[in-house]
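Dear colleague,

I am passing on the structure below, and I would be grateful if you could look it over before reading my notes on it.

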Amino acid sequence: MAAPEESAVGRAAHVFGPLGPLADLVVERLLVGDRVAASKFGSGKAVDDPAREEQELAAVRTRAFALGLDPERTAGFFRDQITASKVVQRGLLDRWAENPEQAPATSPDLAEIRAELDVLTTSLLNELVATDAVRRVEVLRAEISADVVDHLDELHRDALKTALQSIR
């Protein structure tokens, strides 16, 4: 019996070296954007929510400071995560508008998705702490491996570049 194919997320640790777990979480958060898009498609909510985004970034700054991370650099990293998610959301909403047969049949509960994103935020903050020394010693630019990228569609590849631009 053949072994199950390893997922792109599972391979990220192998291709991103010491930043592997952090990159894994970035990809995981990026893929949650699909469900956010489905929720917003069903509810008609806008992709942009500047007040909520600023509220989330303020909370991240506070938590970053408590963890010994630079609050502004950390907020910049999370701003990139939000921007990358919006790339996915806009791309999927455009795709579904042009191809209604591909649109989701159900609308996931945004409150449940936000709770999942809160858990991911905590995990991402913990990985930022864990990789802080690595990121300070070398200005690491996570090279996006073809091994990971090949399993993502073009929309998610573009968003991943945005999400990883401030890992340093």
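Predicted model: local features only at pLDDT ≥ 70, side-chain atom pairs only at ≥ 80, totals over all residues.

Residues are numbered from 1 along each chain as its sequence is written, and side-chain values use heavy atoms, with hydrogens and water left out.

The secondary structure comes to eight helices and zero strands (DSSP runs, H or I of at least four residues for helices and E of at least two for strands, numbered from the N terminus). Of the 168 residues, 40% count as buried, that is, under 20% relative accessible area with a 1.4 Å probe, protein chains only.

Turning to the packing, the axes of H4 (residues 71-98) and H5 (residues 110-130) come within 12 Å and cross at roughly 130 degrees, where axes are lines fitted to C-alpha atoms over the stretch in contact and angles run from 0 to 180 degrees between N-to-C directions. Thr-74, Phe-77 and Phe-78 of H4 make the contact with Thr-121, Leu-124, Leu-125 and Leu-128 of H5 (contact means heavy atoms within 4.5 Å).

Helix H3 (residues 50-67) also packs with H5, at an angle of about 35 degrees and with the axes 11 Å apart; among the residues that meet there are Arg-52 and Glu-56 in H3 and Arg-114 and Asp-118 in H5.

Methods: Buried < 20%, exposed > 50% of the residue type's maximum accessible area, 1.4 Å probe, protein only.
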